[in-house]
Amino acid sequence: MIETWLLEIAKGIGKMFLNPMLYWALFLVVISGSLRIYKERHQFNTKVKDLFTEWKGTFPFVLLSFVILSLITVGAGMVLSYETILILNIVVILLSLTTRFTLLSAAYSVGITYIILYFLPYIYQNDTYFQDTNFQGLAILLGLLLVAEAVLLFRVKQDDMFAELEKTKRGKWVGIQHLKKMSILPLFILIPIGTIEPFASYWPYVTIGGTTFGLFLLPMCIGFDYRVKSSRPMIAKKTLAQSTLWIGILTLGLAIGSIYLEVLSLVAVCLAFLLKEWMHYSFRMKENKGKHFFSNLDEGLQILTILPHSPAERFELIPGEIVIKVNGKRIYNEEDLYESLEKTGSYCKIEVLDLDKEKRVVQGALYEGEHFRLGIIFVTEPYDTVKRDLQKEDGEQTAIALE
């Protein structure tokens with residue numbers, strides 16, 4: 001018995017490495033990170049975060065989720081056919097072509113897979129494929145992955161966010177923070193081909209061909225990308241995570257009920273899709289109507305983001321805070337900041353307004369070779385825009401001189 005399970009576990013792990021989804025997910029992380037770095041260099045004249053930052057720090061979450069979800073799916077006897085896994089992989093790959101991590105939510109990937117498999121038997125009525133689908137299992141998987149997505153969103157820290165500059169309709173440059181993360185979440189499921197025999201009357205709760213089963217380590221991609229521009233990013237994160245968690249719990253409850261009333265699985269999937277869409281829509285509307293949180297202010301320079309391993313990170317400065325004084329000098333623009341830093345030598349004292357508009361002072365030593373801007377990126381015009389303006393100005397002066 002134990003030898004049989006160990007053998008099937010080894011086979012299941014091996015099958016994951018034959019699954020193109022694993023390699024596609026790695027490729028997706030690289031492409032997404034490369035596009036982000038390209039934009040960072042054009043807007044800030046520097047790379048802010050590393051290539052794999054969207055994926056970085058997810059290993060503890062993945063390990064814990066893998067253990068818990070696998071115990072649930074295998075312990076409950078969730079069987080998925082190879083056809084179901086194939087369609088699920090195709091759907092995830094097609095959704096990820098947009099490089100929008102929000103579409104990797106199980107509400108879309110598993111939900112669309114469910115709908116496709118629901119209607120395929122009507123299209124291919126004389127085909128033996130796609131006739132046996134565990135719809136209850138798909139609905140339960142959707143609910144479990146939504147709960148996992150909520151946990152991943154709860155775990156996002158201030159350092160995990162990605163900054164961007166955007167021009168408003170009035171021609172003003174403002175800052176945006178992306179709540180953005182992606183994770184490859186593997187979990188064991190049962191397939192109707194293998195050597196494992198049922199060990200309880202309820203196991204598996206849905207039989208799809210055959211009487212023995214194998215294990216398959218299914219790599220699932222989950223992710224999100226929310227543009228935060230009028231709320232405090234950490235408050236927005238908490239609100240979005242709570243909403244996702246409630247959607248996941250409701251979906252999971254209906255999916256479990258579908259074991260006794262099959263139509264509830266369809267209700268669960270449709271409801272998850274609609275509630276997730278409503279959550280995204282209401283969040284966008286709220287962000288578009290609100291006052292921009294990151295913008296140019298008269299009282300000083302607002303921090304948009306902090307470069308990793310910089311003096312600003314060591315001083316524990318936070319995006320959203322406003323630099324008002326450096327070494328006792330009032331700061332209104334970056335020129336004032338540079339002038340103050342040139343006179344400091346190896347020591348720096350910074351006065352800021354925190355997120356609650358209360359003053360606080362940070363200070364410390366500056367070491368040789370550290371970033372001359374302290375590693376702070378402010379809400380200003382993008383580097384490319386300033387560069388073009390300077391080139392245009394130089395060109396005009398040259399033309400005047402030639403005349």
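Y118 is partly exposed, with a relative accessible area of 30%. Y114 is buried, at 2%. Here buried means under 20% relative accessible area, exposed over 50%, and partly exposed in between (1.4 Å probe, protein chains only).

This is a predicted model: local features need pLDDT of at least 70, side-chain atom pairs count only at pLDDT 80 or more, and totals for chains, interfaces and linings use all residues. Residues are numbered from 1 along each chain as its sequence is written, and side-chain values use heavy atoms, with hydrogens and water left out.

**Aromatic rings**

The structure holds twelve aromatic pairs. One of them joins Y114 and Y118, stacked at 6.3 Å centre to centre with 10° between the planes. Rings of Phe, Tyr and Trp (its six-membered ring) pair if their centres lie within 6.5 Å; planes under 30 degrees apart count as stacked, over 60 as edge-to-face and the rest as tilted. Both tyrosines, Y114 and Y118, belong to helix α5 (residues 106-123). They are four residues apart, about one turn of the helix. Ring pairs also bring in F119 and F135, giving a cluster with Y114 and Y118.

Two lysines sit over rings. The charged end of K49 is 5.2 Å from the ring centre of F162. K180 lies over the face of F101, at 5.2 Å from the ring centre. The criterion is NZ of Lys or CZ of Arg within 6 Å of the ring centre and within 35 degrees of the ring normal.

**Helix α4**

Helices (H or I, at least four residues) and strands (E, at least two) are DSSP runs, numbered from the N terminus. Helix α4 (residues 82-96) has 15 residues. From first C-alpha to last it reaches 21 Å, close to the 21 Å expected at 1.5 Å a residue. That expected span is 1.5 Å times one less than the number of residues. The buried residues of α4 are T84, I85, I87, L88, N89, V91, V92, L95 and S96. Their cover includes helices α2 (20-44), α5 and α6 (135-154), plus strands β2 (173-196) and β3 (213-228).

**Salt bridges**

There are 13 salt bridges in the structure. Each is a side-chain nitrogen of Lys or Arg within 4 Å of a carboxyl oxygen of Asp or Glu. Three of them are tabulated.

| Pair | N to O distance | Relative accessibility |
|---|---|---|
| K181 and D160 | 3.7 Å | K181 4%, D160 18% |
| R232 and D356 | 2.8 Å | R232 29% |
| E321 and R360 | 2.8 Å | E321 2%, R360 25% |

What does the salt bridge between K181 and D160 tie together? K181 lies in strand β2 and D160 in the loop between α6 and β1 (162-167), so the pair joins parts 21 residues apart in sequence. R232 forms a salt bridge with D356. This pair links the loop between β3 and α7 (233-257) to the loop between β8 (347-353) and β9 (359-365), 124 residues apart. E321 forms a salt bridge with R360. E321 is in the loop between α9 and β6, and R360 is in strand β9, 39 residues apart. A network of salt bridges links K39, E164, E166, R227 and K229.

**Positive phi**

Most residues other than glycine have a negative phi. H309 has a positive phi of about 60°. H309 is exposed, at 74% relative accessibility, in the loop between β5 (301-306) and α9 (311-314). N327 also has a positive phi, near 55°. N327 is partly exposed, at 31%, in the loop between β6 (322-326) and β7 (329-330).

Technical notes: Contact means heavy atoms within 4.5 Å.
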